[in-house]
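Keep the 3D view at hand as you read.

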Amino acid sequence: MDAYRVVYRTVDVRDRPTTASGLLVLPRNGERRLATVSYGHGTNINKAEAPSMLGNVWTGAPAATFAAGGFAAVAPDYLGMGVGPGAPPWKHVPSETTASLDLLRAARRFVPRHGRTLERDVMVTGFSQGASAALGLARVLQDDGWFRLRAIAPISGAYDFRGAELPALVSQEEPPQINPKAAVVYSSYLLTSWNRIHGLYDDPSEIFEAPYDARVEGFFDGTTPAQDVVEGLPDTLDELLTEDGLEMLRNPQGRFAEALRQDEVCTGWVPRVPMRLYKISGDEEAVTANTDHCHAAFAASGRDVPVVDVGEATYEGSRHLGSNLAGTALVARWFAALR
């Protein structure tokens with residue numbers, strides 16, 4: 001296979017022209033016409049961890065997996081990642097959607113230079129943050145004027161941040177549903193990212209305790225190594241957030257509540273193509289209730305989407321990460337059977 005970094009035009013969170021980057025992987029199989037798989041990667045903190053940078057096998061390997069199966073595979077870096085300018089707008093489905101769609105369009109224009117053509121059919125998948133991004137892309141592809149949505153298979157997404165993920169983040173249960181350090185990192189990333197987009201606070205000290213109020217926004221500008229972020233943040237939300245910050249997560253109001261509504265990807269539309277939701281039980285980061293709630297939302301709209309448990313899988317001790325490994329293999333086989 002051959003891998004390319006594609007830098008392309010798209011729009012930012014305010015619909016202004018910008019650029020983004022993404023990974024394109026083409027199989028060396030002699031086929032001139034290729035169906036496409038779009039894979040949305042999970043959370044990264046540093047720009048260098050994005051799929052097209054090829055410095056982190058974790059984010060690029062799924063695209064290689066699908067290319068090995070004979071597909072053209074694209075993996076958007078998302079805004080502010082890879083070689084894209086600015087800070088990453090983490091967990092912002094609208095910009096993840098436009099970045100993903102515009103990468104497909106750029107890939108369609110790029111591959112003829114190498115004697116290939118992209119068919120209209122696109123299969124969509126993604127993991128964790130990328131699972132929501134995948135559903136956002138699928139929602140617009142379903143009525144696209146050129147691309148033809150063929151199948152949808154997100155893995156272990158935090159689809160219901162308000163109804164499932166936030167309650168687990170702030171829960172006082174023992175043992176905790178979410179790894180406490182992961183809860184600190186995700187909460188910090190969400191609040192600083194969405195403040196840039198939606199204006200959640202005027203000063204970090206309103207919701208972040210000292211000394212973290214002075215450093216937390218810089219941690220998530222896309223330039224800080226992930227390990228430095230993890231080591232620079234406290235171990236618990238009580239140490240990280242003021243009472244106002246904790247209350248914001250416990251009881252979303254105003255702009256934060258509206259931002260959460262924009263993040264919803266399992267309501268307001270009905271998939272018309274084959275679809276499966278992949279999950280792992282006991283997910284310690286994107287709690288499994290997210291998938292259960294997404295399934296229920298589609299069922300309420302009249303579509304009973306099959307849910308596939310990926311089984312017992314771990315990666316570096318994480319069931320959440322293990323679900324990406326096991327789920328990607330299962331999705332690749334399913335997509336191959338549909339082709």
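On a 1 Å grid over the protein atoms alone, a pocket is an open set of points with protein on both sides within 12 Å along at least five of seven lines, while a cavity is a set of points where a 1.4 Å probe fits but cannot get out; lining residues have an atom within 4 Å of a point. The model is predicted, so to speak of local features pLDDT of at least 70 is needed, side-chain atom pairs count only at pLDDT 80 or more, and totals for chains, interfaces and linings use all residues. Residues are numbered from 1 along each chain as its sequence is written, and side-chain values use heavy atoms, with hydrogens and water left out.

Start at the largest pocket. Its lining consists of 24 residues, and Thr 43, Tyr 186, Val 230, Glu 285 and Leu 321 lie nearest its centre. Helix 5, helix 7 (226-232) and helix 12 (319-338) are the elements that give two or more residues to this lining, and helix 5 gives the most, with 4. Helices here are DSSP runs of H or I with at least four residues, strands are runs of E with at least two, and both are numbered from the N terminus. The pocket's volume is about 770 Å³; a volume is the space filled by probe spheres set on the grid points, which are joined across faces, edges and corners.

Among the residues that line the largest cavity are Thr 43, Trp 90, Gln 129, Phe 161, Glu 165, Tyr 186 and Glu 285. The second largest cavity holds about 70 Å³, with Trp 90, Gln 129 and Tyr 189 among its lining residues.

Why is helix 4 (residues 161-170) largely enclosed by the rest of the structure? The reason is that 7 of its 10 residues are buried, meaning under 20% relative accessible area with a 1.4 Å probe, protein chains only. Phe 161 and Glu 165 are among these buried residues. Their cover includes helix 5 (180-198), helix 9 (243-250) and helix 11 (289-300).

Finally, turn to the strands. Strand 6 (residues 148-155) is mostly covered, with 6 of its 8 residues buried.

Notes. Buried < 20%, exposed > 50% of the residue type's maximum accessible area, 1.4 Å probe, protein only. Contact = heavy atoms within 4.5 Å.
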